[in-house]
Amino acid sequence: MSFNGTENYITSHGLKLAVNAAITLEKPLLIKGEPGTGKTMLAEEIADNLGLELIQWNIKSTTKAQQGLYDYDAVSRLRDSQLGEDKVHDIANYIVKGKLWHAFESDKRCVLLIDEIDKADIEFPNDLLQELDRMEFYVYETSQLITAKNRPIIIITSNNEKELPDAFLRRCFFHYIQFPDADEMGKIVDVHFPNIKKSLLDQALGSFFNLRDIPGLKKKPSTSELLDWIKLLLADDISPETIQNKDREKSIPPLHGALLKNEQDVHLFEKLAFINRSGR
């Protein structure tokens, strides 16, 4: 079983090697990179390419590792006992399976995505060490040992908001997705907009990378934001000449709200454009 990429996802040679190394080693693949570089989409494409089910666990700041295993709904059991429900005598009726449980009990190998693990508490990764190592966990309420029928392919993404514990990192295969260069970005855009005119693509990419190179930007535009911007350019039939217009009133790209996401960056761009015009 090996990942060969898909038509809808431009994959570097290094990324393919990382995915297949993690599959061979039966280790979680830890993917880092700028937001919008396709980390989440990678898991979707791996599942599609290998014909496997995708189970997705989206991590929030309040997520606990236990929730990936199971939850015991004691409140519902108390309510049912007050109502005289018969099912209250079987505690299994109040065990809610988590994403890891679903992945472990799958009859076929699946892809398990643990998305944005760095959003959770610092102890979250360590709390999953044993389960990810042994592929099993114990349900104390029902005295069950849940063991994986098939070891899932585990993809873990991080935006580097927090450092992950060394003990956790040792158990993963790591890959950092570099931000695409202009040639790679052109291929990515071509996947989504195969009929785009080369002149518009070249001008859009030039403006996009010039924008990313501005020192002091609070948030650099990402791949997903470029795709949104190009979609708007095509929908409004914006010409390449309009994008490169350097008039005072058009000092920032048209429809720049798809690229610049806060007022500080807009003001910074306008200020630099004014300085450049004044220096000519």
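Me: Which residues in α2 are buried?

Reply: Keep in mind that this is a predicted model. In α2, the buried residues are Lys 39, Leu 42, Ala 43, Glu 45, Ile 46, Ala 47 and Leu 50.

Me: What covers the buried residues of α2?

Reply: The cover includes a helix, α1 (13-25), along with the strands β1 (29-33), β2 (53-58), β5 (110-115), β8 (153-158) and β9 (173-177).

Me: Why does the end-to-end distance of α2 agree with its number of residues?

Reply: Helix α2 has twelve residues, 39-50, and at 1.5 Å a residue they should span 16 Å. The C-alpha atoms at its ends lie 17 Å apart, which agrees. After the helix comes Gly 51, with a positive phi near 70 degrees.

Me: Now the strands. What is their order in the open sheet?

Reply: In general, strands of a sheet pair through backbone hydrogen bonds, either parallel or antiparallel. Here five strands form an open sheet in the order β2-β5-β8-β1-β9, and the pairing is parallel. β2 and β9 are the edge strands, each pairing on one side only. On average, neighbouring strands are turned by 20 degrees against each other, direction ignored.

Me: How many bridges join β1 to β9?

Reply: Five bridges join these parallel strands. To find the place in your viewer, look for Leu 30, which stands opposite Phe 174 in β9.

Me: And where does α1 pack?

Reply: α1 packs on the sheet, where it touches β1, β8 and β9. Its direction makes about 165 degrees with that of β9.

Technical notes:
Residues are numbered from 1 along each chain as its sequence is written. This is a predicted model: local features need pLDDT of at least 70, side-chain atom pairs count only at pLDDT 80 or more; totals for chains, interfaces and linings use all residues. Side-chain values use heavy atoms; hydrogens and water are left out. Helices (H or I, at least four residues) and strands (E, at least two) are DSSP runs, numbered from the N terminus. The expected span of a helix is 1.5 Å times one less than its number of residues. Buried means under 20% relative accessible area, exposed over 50%, partly exposed in between (1.4 Å probe, protein chains only). Contact means heavy atoms within 4.5 Å. Two strands pair if DSSP finds at least two bridges between them. Axes are lines fitted to C-alpha atoms, for helices over the stretch in contact, and angles run from 0 to 180 degrees between N-to-C directions.
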